[in-house]
Each structure stands twice: as C-alpha cells, then as structure tokens.
Amino acid sequence: MALQVLYEDNHLLAVSKPAGLATMGVQPGTPSLLQQAKEYLARKYRKPGNVYLGTVSRLDAPVTGVVLFARTSKAARRLAEQFRSRTVDKCYWALVGQRVWPAEGRLIDWLIRHERGRKVLATGPTARGAQQAVLHYRLLGQVADVWLLEVRPETGRKHQIRVQLARHGYPIVGDFKYGSRQPFPQGIALHARSLAFTHPVSHQRISLVAPLPPAWRKLGIKEQG
C-alpha cells in the first residue's frame, strides 16, 4: 500500500496510517509505518544508508489516522516538548455501539499497564504505577446503529481512549480487546482525525486532517462529521 502523505517539508513528515500496521517497534522483517516512511524518503531523495526519522506521535496497530514524524533531531526534540507541555491539539473520531449520555463531557480515570496481557486496565489513584488519564468527548451524531464521537485526549496514555470509553460503558466498535461485540471491517473504529501543532522551525501553526478510511465512508460517515 502506498504511503499516504499529509504533509512534508525538510523538517517534518506526516502520514495517514492504515489499520493493521504498527507504527514502530516490531520484530525484524515485520512491516511498520516507520519503515515504510523511511523507505519513501530514501527513494524520493535518493538517500543512501539509514534515513533518520524520529517518531513524534504513534497509534495502536488497529487505529487509523494522522501520525507525525520528524526528519531532524532538532525538530524531534521541539515537537516532543510540545507533546509534553500539552500544546498539541489531538482530535479523534470514534464509533460506539450505544448512545452516550451526557452528550458531552470530560472523563478522568487512572490507568495501569498489564504487560502480561498486553492490555491497560482502569484502576484507582493509589494503585502502584497508576497514571491519570483525561479526555473530553462530544457526541456528533448517529449513523445506522452506531454513534459518532469526537474525542480530545488531554493526556497521552497507552490505549487511553479505548480503555476510558470502555470503562464508562461505551467500547469502541470492533475493539474486542476492550469489550466490544460489534465487528468492524478493518481494525477498530478509532481514527486520529486531526493534529494541530506549532512548526518546530517556522513557528507557524500547522493543522493536519486525515481523510476517513473507506470502512467509515461505507457506513455513511461524512468528512464534515
């Protein structure tokens, strides 16, 4: 599958990740988005040897949408600081199997990693290793038998959106790992819709939007929500 580039300059590369492809951290010989992006740059600019590409944002393998890479170490450091200081605006779209009430709100939970099961569990604030997870959500509407949510996480915990929505009774469609019983054609119904940040060199505000995958459009979900 060809790399879907959303933005590219001398400092950055942003792409739209398909479902089922890991961002990085896979066994040798296993495809990853990072490796595909490096190969793309090597071909385009005829770069010999290993191409530098820093992973600034990442998505779980079944999740689609915007992923941002840095083409220089300086850009990587500056962008990482923006993520740490929470000045990056991250917006996701999620499909859930039942109506969310209230239609808009803020969820605060405490999460802990369960490495043996490769899952993240909701826990109490005093549990060892627990990290606070905060997100905002807004109901955008209903299409057929699913409901479309806009989700904006304040924090960036592993599997955060998946676990928090499931904990409050709204597992993401197709996410069998966290309690969904509804199938989804590819991956799970979680899409990193947009990412807004300050360019690490020009200091202009950049806003990127990832088009909806075909599985979403077939359900009747429109680009404008």
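Where is S32 found? In this predicted model, S32 lies in the loop between β2 (12–17) and α1 (33–45). The residue has a relative accessible area of 6% and is therefore buried, since the cut-off for that class is under 20%. The side chain of S32 reaches the backbone nitrogen of Q35 at 3.1 Å. When residues up to four places away in sequence are not counted, S32 touches L21, A22, T23, M24 and V26.

Q4 has a relative accessibility of 38% and counts as partly exposed. With neighbours within four places in sequence left aside, the contacts of Q4 are A14, V15, S16 and P211. Q4 and A14 are 10 residues apart along the chain, and 8.7 Å separates their C-alpha atoms. L6 also has its place in strand β1. This residue is partly exposed, at a relative accessible area of 24%. Its contacts, again leaving aside neighbours within four places in sequence, are A14, V15, S16, V66, L208, V209, A210 and P211. From L6 to A130 the separation is 124 residues in sequence and 35 Å in space, C-alpha to C-alpha.

Strand β9 (residues 146–153) is considered next. Of its 8 residues, 7 are buried, so the strand is largely enclosed by the rest of the structure. Strand β5 (residues 89–96) runs antiparallel to β9 and is joined to it by 5 bridges. Strand β8 (residues 131–143) is likewise antiparallel to β9, and 8 bridges join the two. L148 of β9 has a partner in each of these strands: L95 stands opposite L148, and L148 is also the bridge partner of G141. The hairpin of β8 and β9 has 2 residues between the strands, and in this hairpin A144 takes a positive phi near 55 degrees.

Helix α3 (160–167) is mostly covered, with 6 of its 8 residues buried. The buried residues are Q160, I161, R162, V163, Q164 and L165. They pack against β5, β6, β7 (119–123), β8, β9 and β10. Just after α3, the phi of G169 is positive, at about 95 degrees.

Most residues other than glycine have a negative phi, and most peptide bonds are trans. R46, in the loop between α1 and β3 (54–55), has a positive phi near 50 degrees and is not a glycine. At 77% relative accessibility, R46 counts as exposed. R86 is likewise not a glycine, and its phi is positive at about 60 degrees. R86 is found in the loop between α2 and β5. The peptide bond from W101 to P102 is cis, with omega near 0 degrees. P102 belongs to the loop between β5 and β6 (104–114).

Open space in the model was also examined. Rolling a probe the size of a water molecule over the atoms shows where empty space is left. The largest pocket has a volume of about 1500 Å³. Its lining comprises 43 residues, of which R58, L59, D60, R157 and K158 are the closest to the pocket centre. By residue class, the lining divides into 17 nonpolar, 10 polar and 16 charged residues. At least two lining residues come from each of α2 (73–84), β5, β9, α3 and β10 (190–198). Several of these elements are described above. Strand β9, one of the contributors to the lining, has 7 of its 8 residues buried and is paired with β5, another contributor. Helix α3 also supplies lining residues, and its buried residues pack against elements including β5, β9 and β10.

How values were computed
Residues numbered from 1 in each chain as written. Predicted model: local features only at pLDDT ≥ 70, side-chain atom pairs only at ≥ 80, totals over all residues. Heavy atoms only, no water. Helix = DSSP H or I, 4+ residues; strand = E, 2+ residues; numbered from the N terminus. Buried < 20%, exposed > 50% of the residue type's maximum accessible area, 1.4 Å probe, protein only. Polar contact = N/O pair within 3.5 Å; in protein donor to acceptor, adjacent residues only side chain to side chain. Contact = heavy atoms within 4.5 Å. Pairing = 2+ DSSP bridges. 1 Å grid on protein atoms, 1.4 Å probe; cavity = no way out; pocket = protein on both sides within 12 Å on 5 of 7 lines; lining within 4 Å. Points joined across faces, edges and corners; volume = space filled by probe spheres on them. Nonpolar A, V, L, I, M, F, W, Y, C, P; charged D, E, K, R; others polar.
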